[in-house]
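Morning, everyone, and thanks for coming. I'd like to walk you through one model today, so let me put it up on the screen.

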Amino acid sequence: MNQSGPTDSNVSLDARSALRDSGPMIAQPYQLYIERIDPGRNMARYYAMSIEPTLFGQACLVRRWGRIGAGGQRLVHYFQYEKEAVDLFLALLKQKRSRGYRLKPHSGPKMVA
């Protein structure tokens with residue numbers, strides 16, 4: 001096989017190419033799980049979001065919601081830039097908080113002094 005000839009792609013897998021690749025990466029993890037519980041209305045809902053990298057280095061916002069204990073629904077938004085995903089993440093968080101969603105109370109082991 002002739003390694004010195006032209007390639008059919010602009011992407012190379014050699015080390016020099018990897019150093020030039022400055023694709024976007026997720027700067028920090030964004031994850032959220034909130035609940036809205038109202039026993040008087042028989043309401044027990046959850047809403048979860050996370051920003052994750054795609055296989056191609058872009059950002060995606062994954063949203064999951066439904067009744068606590070049920071499978072619920074899932075929606076994925078794809079973005080070219082992480083900032084766009086963060087903006088939607090924060091807008092949705094503000095909306096959900098205004099509708100009564102709160103962080104789940106910590107239910108781990110209690111420390112006794």
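**Strands, a helix and a few surface details**

Before I go on, a word on what you're looking at. This is a predicted model, where local features need pLDDT of at least 70, side-chain atom pairs count only at pLDDT 80 or more, and totals for chains, interfaces and linings use all residues. Residues are numbered from 1 along each chain as its sequence is written, and side-chain values use heavy atoms, with hydrogens and water left out.

Now the overall layout. The protein has two helices and five strands, and from the N terminus on they run α-β-β-β-β-α-β. Helices (H or I, at least four residues) and strands (E, at least two) are DSSP runs, numbered from the N terminus.

So what is the strand order in the sheet? It is an open sheet, β4-β3-β2-β1-β5, with antiparallel pairing. Because β4 (73–79) and β5 (102–103) stand at the edges with a single partner strand each, one side of each has no neighbour in the sheet. By pairing I mean that DSSP finds at least two bridges between two strands.

Let's go through the pairs. β1, residues 30–38, runs antiparallel to β5, with two bridges between them; Glu-35 has Arg-102 of β5 as its bridge partner. Helix α2, residues 82–98, packs on the sheet and touches β1, β2 (43–53), β3 (59–67), β4 and β5. A contact here is heavy atoms within 4.5 Å. The direction of α2 makes about 170° with that of β2; the axes are lines fitted to C-alpha atoms, for helices over the stretch in contact, and angles run from 0 to 180 degrees between N-to-C directions.

Back to the strands. β2 and β3 run antiparallel and are joined by nine bridges. They form a hairpin with five residues between them, and Gly-57 in that turn has a positive phi of about 85°. β3 and β4 are also antiparallel, over seven bridges. Here Leu-61 has His-77 of β4 as its bridge partner, and Cys-60 has Tyr-78 of β4. This hairpin has five residues between its strands, with Gly-69 in the turn at a positive phi of about 95°.

Which residue other than glycine has a positive phi? That would be Asn-42, near 55°. In general, most residues other than glycine have a negative phi. Asn-42 sits in the loop between β1 and β2 and is exposed, at a relative accessible area of 57%. For those classes, buried means under 20% relative accessible area, exposed over 50% and partly exposed in between, with a 1.4 Å probe and protein chains only.

On to the side chains. How many salt bridges does the structure hold? There is one, between Lys-83 and Asp-87, at 2.9 Å from N to O. The criterion is a side-chain nitrogen of Lys or Arg within 4 Å of a carboxyl oxygen of Asp or Glu. Lys-83 is exposed at 57%, while Asp-87 is partly exposed at 38%.

There is also a nonpolar surface patch: Tyr-33, Ile-37 and Ile-68, together with about 260 Å² of accessible area. Patches are made of residues with over 30% relative accessible area and no salt bridge, where like charges are joined within 9 Å and nonpolar side chains (Val, Leu, Ile, Met, Phe, Trp, Tyr) within 5 Å. Areas come from the Shrake-Rupley method with a 1.4 Å probe, and for residues only the protein chains shown count as cover. Ile-68 comes from the loop between β3 and β4 and is partly exposed at 33%.

One more loop to look at: Arg-99 lies between α2 and β5 and is partly exposed at 44%. Arg-99 and Arg-36 are 63 residues apart in sequence, and their C-alpha atoms are 8.5 Å apart in space.

Finally, the totals. Of the 113 residues, 27% are buried. The protein exposes about 9,200 Å², with carbon and sulfur atoms supplying 55% of it. Among contacts with a separation of 6 or more, 41% come from residues 24 or more positions apart.
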